[in-house]
Amino acid sequence: MNTDPIADYLTRLRNAIKANHRIVEIPSSKIKKEITRVLHEKGYIQSYRFDDSSVQGTIKIALKYNPATKQSAIVHLERISKPGLRKYAHFENLPRVLNGLGVAILSTSKGVMTEKEAKGLNVGGEVLCYVY
């Protein structure tokens with residue numbers, strides 16, 4: 001049993017990027033599916049597919065690399081809110097990652113979204129991770 005599935009998700013992505021893998025398989029959950037959707041919308045991953053043939057299911061993620069430099073689109077993944085210390089942000093005090101170049105992913109009452117979308121909807125929430 002894993003105590004922090006989001007940290008495990010980010011670590012699997014980080015390890016696959018460091019090993020220059022094209023595809024990574026991750027055990028599925030609702031929050032992981034939503035984080036994957038946000039990463040795809042923001043252009044950090046090339047594509048993804050949910051495979052629900054088994055009990056838990058898996059997420060297959062095709063990582064995105066620059067064709068010329070072979071560098072990943074994701075440079076850094078950082079878990080912010082942990083099970084032992086949750087981090088919440090009010091909509092007026094949402095974090096900015098790399099002065100707006102990165103993305104903070106939040107879990108709000110309206111679903112999982114970036115800090116820019118949350119600011120537009122005037123909702124705050126739990127800061128899950130930073131991606132840049």
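A: Helix 1 (residues 5-18) contributes three residues to the lining of the largest pocket, the most of any element; helices (H or I, at least four residues) and strands (E, at least two) are DSSP runs numbered from the N terminus. The model is predicted, so local features need pLDDT of at least 70 and side-chain atom pairs count only at pLDDT 80 or more, whereas totals for chains, interfaces and linings use all residues. Residues are numbered from 1 along each chain as its sequence is written, and side-chain values use heavy atoms, without hydrogens or water.

The lining is made up of Arg-14, Ile-17, Lys-18, Asn-20, Tyr-65, Lys-70, Gln-71, Ser-72, Ile-74, Val-75, His-76 and Leu-77. By class, five of these lining residues are nonpolar, four polar and three charged. The volume of the largest pocket is about 160 Å³. A pocket is an open set of points on a 1 Å grid where a 1.4 Å probe fits, with protein on both sides within 12 Å along at least five of seven lines, and lining residues have an atom within 4 Å of a point.

Strand 6 (residues 103-108) has five of its six residues buried, that is, under 20% relative accessible area with a 1.4 Å probe. Strand 6 pairs antiparallel with strand 8 (residues 125-131) over six bridges, where pairing requires at least two DSSP bridges. Within this pairing, Thr-108 has Gly-125 as its bridge partner. Strand 6 also runs antiparallel to strand 7 (residues 111-114), to which four bridges join it. Here Leu-106 lies opposite Met-113, and a hairpin of two residues connects strand 6 to strand 7.

Methods. Buried means under 20% relative accessible area, exposed over 50%, partly exposed in between (1.4 Å probe, protein chains only). Grid points are joined across faces, edges and corners, and a volume is the space filled by probe spheres set on the points. Ala, Val, Leu, Ile, Met, Phe, Trp, Tyr, Cys and Pro count as nonpolar, Asp, Glu, Lys and Arg as charged, and the others, Gly among them, as polar.
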